[in-house]
Amino acid sequence: MRSVVAAPPEAVELHGFLEWYERDYPDEVVHIERPVDVEWELTALATRLEREKRFPILICHRLVANGRELELPVVSFMMASRLRLARAFGVGVREAGIACYRRLQHRVPPVVVSREEAPVKQIVATGGAVDVRELPALRHHRMDPGRYVTQGLFLTFNRQTRRDNSAMQRGWLADRDEIRVFLGPSTHNAKNLREYEEAGEDMPAAYWVGHHPLALLGAATRVGVEESHYEAAGGTLGSPLRLVPSETLGQDFLVPADAEIVIEGYMPRGQRKPEGPFGEYTRYVGPQRWCPFLKVTAITRRRDAYWDDVMVGHTHWISSLGKEGEIHRAVQQAVPTVRAVHVPMSGAGVQHVYVQIRKTIEGQGKVAALAALNAYFANKHAFVFDEDVDIFDEKEVLLALATRFQADRGLVVVNGITGSPLDPSSEDGFTTCKVGFDCTKPLGKPFAERLSIPQDVMDRIDPFEIIGQDRLERIPVEPWG
Amino acid sequence: MADFAYVPCPKCREQFMVGVEFFRIPDAYCHCPFCHHEFTVGVAAQRREGEPTGRLSADPSPSGR
């Protein structure tokens, strides 16, 4: 594996990031020159790659919608590689969550630049020239009603405080100038909409699509209602986010100058339309909703803009990395000897948490589990292990669960607590049953030793040499082994 | 997951998932993700010719497509 180096400082937007990454890791940026249909084909390719556990950046240059090639290319699968994001942070794969958390603690205020300095103003379409259907957004799954904004940050400003709020919230390109947006009821963007509607006003809003992946990670992190997502993005990016006034929403409605595309508009007060069903991060379909919509007033973009897509319901680390740091901090307050936290993809990137501790007092396993479960409302199952269990290897995790856990001693059950509304097994959509598994060995008692072979023997026995490389490669790989 | 039901589209007969708000809000209408027909759940609940009942389906496995 290559040594880890941080992204160079000049690469603070998507184009710069892609140039840096392709220069240093050319095998991991795949340009697809053959036509790809916007309906399902790229999701199918990503699904096949995911099964192979390979996560290259996919850049599709010829997207086809309704039999016609669209102008702009698509970047997808960028957030699917934990290794890639770790490299961008300049740390090892296991440390990526902590690195994300640490950077979020050092918020960086944005700066405002002129229109001339803003790449996102190179092409401006307003009024009758607006047509969101020309954007190469993808239809990802069978029950989706159409093509969606997925890796778009939905941006609003609080009516009273003017505090910016960006969140990854899906939007269905329903018509030429209409995007139907699902705002979860507990989100800050939904709160902002309620306040505008209570005042009898339409809400100005925008999508910003495409930016440096670390800016996206920071902007998408849930922060306090009085905190700025732009400052959080500057923190993870390690550089101020550059902003520029909008085209149609006023000088004080600031949008990212280095975004690939910005879609401006307003949400008409009190109006709702059907949106969805939609393939959720849980890898299940979420139902159709009665939702507000964005009436689009302008599309601005770079001349060479990429449409940025995230495969919702497939591997991506947008949620997990930020959560790992938060959980680590929460557990550390209760158990100072916490060693590592992993929020794996097997729990849809949020519902499972693996915690590694050095246990010094009996009972700390349960304490760590409760702290992890309480760190974020959607964390559902927390598993706590000793230092010798590699929590990034799920075979080791499950073996420890099988051999170090006894339910009558190590199980913690918290029933009827607020959980993820998207968990298909939640009966009411609000509450869940959270469970902690203390899989640590008891202190002060002998515990059986793991099997081992002397290291010098392991080092000198090479199956390629004994069996032969050709023969060995013809023997089937058995994934269940 | 929040309460939802599978509704059959009266035009193409495919089933899809809708939230319970479509049963509570008088003006709410559904949009079929397969044929893009729009209808209220009252229409979906009407008895369909040749079927024993047209009530909203509780079957969690929508027909294939």
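**Figure 1. Chain B and its contacts within the chain.** Among contacts in chain B between residues at least 6 apart in sequence, 35% join residues at least 24 apart; two residues are in contact if their C-beta atoms, placed from the backbone, lie within 7 Å. The model is predicted: local features need pLDDT of at least 70, side-chain atom pairs count only at pLDDT 80 or more, and totals for chains, interfaces and linings use all residues. Residues are numbered from 1 along each chain as its sequence is written, and chains are lettered from A and ligands numbered from 1 in the order in which they are written. Chain B has two helices and four strands, in the order β-β-α-β-β-α from the N terminus on. Helices (H or I, at least four residues) and strands (E, at least two) are DSSP runs, numbered from the N terminus. Of the 65 residues of chain B, 26% count as buried. A residue is buried if 20 or more other C-beta atoms lie within 10 Å of its own, exposed if 12 or fewer, and partly exposed in between, with C-beta atoms placed from the backbone.

**Figure 2. The side of chain B that touches chain A.** Contacts link 17 residues of chain B with 18 residues of chain A. On the chain B side, β2 (15–19), α1 (21–24) and β3 (30–31) are the elements that give two or more residues. β2(B) gives the most, with four residues. By class, this side of chain B has 12 nonpolar, two polar and three charged residues. Ala, Val, Leu, Ile, Met, Phe, Trp, Tyr, Cys and Pro count as nonpolar, Asp, Glu, Lys and Arg as charged, and the others, Gly among them, as polar.

**Figure 3. The two domains of chain A.** The domain assignment of chain A gives domain 1 (94–309) and domain 2 (318–438); such bounds come from an automatic or database domain assignment. The centres of domain 1 and domain 2 of chain A, taken over C-alpha atoms, are separated by 31 Å. In domain 1 of chain A, 17 residues are in contact with 16 residues of domain 2 of chain A. The elements giving two or more residues to the domain 1 side are α4 (96–104) and α6 (213–220) of chain A. α4(A) gives the most to that side, with six residues. By class, the domain 1 side has nine nonpolar, four polar and four charged residues.

**Figure 4. The largest nonpolar core.** A nonpolar core is a set of buried Ala, Val, Leu, Ile, Met, Phe, Trp, Tyr and Cys residues joined through C-beta atoms within 7 Å. Of the 142 residues in the largest nonpolar core, A:I179, A:V255, A:V331, A:V355, A:A368, A:A372 and A:V384 touch the most other members. Helix α9 (residues 364–375) of chain A gives the most to this core, with seven residues. Domain 1 (94–309) and domain 2 (318–438) of chain A each supply at least three residues to the core. Not counting residues up to four places away in sequence, A:I179 touches A:V132, A:V149, A:G171, A:W172, A:L173, A:A174, A:I263, A:F293, A:L294 and A:V296.

**Figure 5. Strand β26 of chain A and its partners.** Four of the five residues of strand β26 (residues 381–385) of chain A are buried, and the strand is mostly covered. Strand β25 (residues 352–357) of chain A pairs with β26(A) in the parallel sense over five bridges; two strands pair if DSSP finds at least two bridges between them. A:Y354 stands opposite A:F383 in β26(A). From β25(A) the chain crosses through α9(A) to β26(A), a right-handed β-α-β crossover. A crossover is right-handed if, with the strands pointing away from the viewer, the path from the first strand over the helix to the second runs clockwise. β26(A) also runs parallel to strand β28 (residues 431–438) of chain A, joined to it by four bridges. Here A:H381 stands opposite A:V435 in β28(A).

**Figure 6. A three-strand sheet in chain A.** The open sheet has the order β7-β15-β16 (chain A), with mixed pairing. β7 (111–112) and β16 (254–256) of chain A stand at the edges, each with a single partner strand, so one side of each is left without a neighbour in the sheet. β7(A) pairs with strand β15 (residues 242–245) of chain A in the parallel sense over two bridges. The bridge partner of A:V112 in β15(A) is A:L243.

**Figure 7. Helix α7 of chain A.** Nine of the nine residues of helix α7 (residues 229–237) of chain A are buried, so the helix is largely enclosed by the rest of the structure. The buried residues of α7(A) pack against α4, β11 (164–168), α6 and β15 of chain A. Just after α7(A), A:G238 takes a positive phi of about 75°.
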